[in-house]
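Please read this briefing alongside the sequence and the model, which is a predicted one. The points below are grouped by topic.

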Amino acid sequence: MKDKKFLKGFLAGLLSMMACVLLICVVLVGTGRMNPGNLFADSGSIVNNRLNGKMTEIQRYIDKYFLDDIDESKMQDSICKGMVDGLGDTYAAYYNEDEYKDMQEKTSGNYCGIGAYVSQSATDGAISVVQPIKDSPAEKVGLKSGDVISEVDGKSIEGMDLTAVVSKMKGEAGTKVKITVIRKNHKKEFTIVREEIHSQTVASEMLDNKIGYIAVSSFEEVTKQQFRDALEKLENEGEKSLIIDLRNNGGGLLSTAVDMLDRMLPEGVVVYTKDKEGNKEEYSSTAKESFDKPVVILVNENSASASEVFSGAMQDYKKGTLVGTTTFGKGIVQTVFNLQDGTALKLTTSKYYTPKGRNIHGTGLKPDISVALDQKTFTQKKSGIVIDNQMKAAVDYLQKK
């Protein structure tokens, strides 16, 4: 890196797995006016005749007494969002057409916005900045890791899904968005001019003693090739061992984690899932490629989801030594279903298991070498690169191999 420093933990990002096909959510009738009586065609345990009747009754009151004009599309989206919110699942969400397009854009790795990775707490739903992207609009105005986002353009985002909030922060290049954050119990407002963001999710460097270093910020579509390119570059420079930094990596696409594991592991199952019926789906590496040099994977409490899929498989195959602190513990999979009208539904559909059958939801992965991050830094003699104490522990371990 230009300033000879590595970002601690690097960046983190969004998480979503892509799939397709489910059911329609809203039926429009005649002039396009919402008809609650026909909103749900089937009668099930949740949507039944009693609810249909109640919706019709509410509609009558709205038609007769509500003062202002009604935004039909907004009401319909709100009904769908409310139904999903009622599941009590932090990770479940309904996306309107614009929100869904934004999500697809983000997982591709290219989008227009403020340039900050954010995450959502599974306990209280708070959305906070994990790390502004280097030289991004967010970094330029002074957004910092740990800032809790409270408002976007003057409107509270309390109770909103992460993807919906990210959608509000995106927009055309050159337009402005006002972000209000809570920092050390004080409100701070930032006006940010959006720019086109091309996600660089992987950074690499050669440390002293030919120890390669690769930091992965999130598991997006672009990450597959970026990871392989970084690995090839270090291989060509004569690396003898490797550190993969997944600290503060909140996850992303399962397919990307599997592709990266295919590059690192011998042939075999790298992760499998089980749905509510006990149906099992396996994801495997091929015999085409593997990596046979010593590997350390840096993890912390913010390493989640796809990061844990990657780390757990490497640990089970004894191809990677985990150093740092216990990971987040997200051992469940979300599937995004395309609905017929261009909207989408994200649901938690299965649990995932490491190759040895471990489900780490709520517990996380325990590192092989536990090292809490402190304020100490160390300057490498040859390269001049400054590393933190967790990286130092990884380097010390690899020098003994």
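**Aromatic pairs**

The structure holds 3 aromatic pairs. Among them is the pair of Y61 and Y65, whose ring centres lie 6.2 Å apart with the planes at 25°, so these two rings count as stacked. A pair of aromatic rings is described by the distance of the centres and the angle of the planes, and both values are given for the pairs discussed here.

- Y61 and Y65 belong to helix α1 (residues 49-65), where they are 4 residues apart, about one turn of the helix. An α-helix has 3.6 residues a turn, so residues three or four places apart point the same way.
- Y61 is exposed, and Y65 is exposed as well.
- F227 and F310 also form an aromatic pair, but this one is edge-to-face, with 6.4 Å from centre to centre and 75° between the planes.
- Because F227 lies in helix α6 (residues 223-236) and F310 in helix α8 (residues 306-316), their pair ties together parts that are 83 residues apart in sequence.
- F227 and F310 are both buried, whereas Y61 and Y65 are exposed.

**Charges over rings**

- The ring of Y272 has the charged end of K280 sitting over it, at 4.3 Å from the ring centre.
- In a second case, the charged end of K392 sits over the ring of F378, at 5.2 Å from the centre of that ring.

**Buried positions**

- Helix α5, which spans residues 162-169, is mostly covered, since 7 of its 8 residues are buried.
- The buried residues of α5 are L162, T163, A164, V165, V166, S167 and M169.
- T201 is found in the loop that runs between β12 (195-198) and β13 (202-207), and with a relative accessible area of 0% this threonine is buried, the cut-off for that term being under 20%.
- The side chain of T201 is joined to the side chain of T223 by a polar contact of 2.8 Å.

**Confidence of the model**

- The protein averages a pLDDT of 87, and 88% of the residues score at least 70.
- Over residues 1-43, however, the pLDDT is below 50, although this stretch has 141 contacts in the model beyond near neighbours in sequence.
- Where pLDDT is low, the predicted coordinates should not be read in detail.

How values were computed
Residues numbered from 1 in each chain as written. Predicted model: local features only at pLDDT ≥ 70, side-chain atom pairs only at ≥ 80, totals over all residues. Heavy atoms only, no water. Buried < 20%, exposed > 50% of the residue type's maximum accessible area, 1.4 Å probe, protein only. Helix = DSSP H or I, 4+ residues; strand = E, 2+ residues; numbered from the N terminus. Phe/Tyr/Trp six-rings, centres within 6.5 Å; stacked < 30°, edge-to-face > 60°. Lys NZ or Arg CZ within 6 Å of the ring centre and 35° of its normal. pLDDT = per-residue confidence, 0-100. Contact = heavy atoms within 4.5 Å. Polar contact = N/O pair within 3.5 Å; in protein donor to acceptor, adjacent residues only side chain to side chain.
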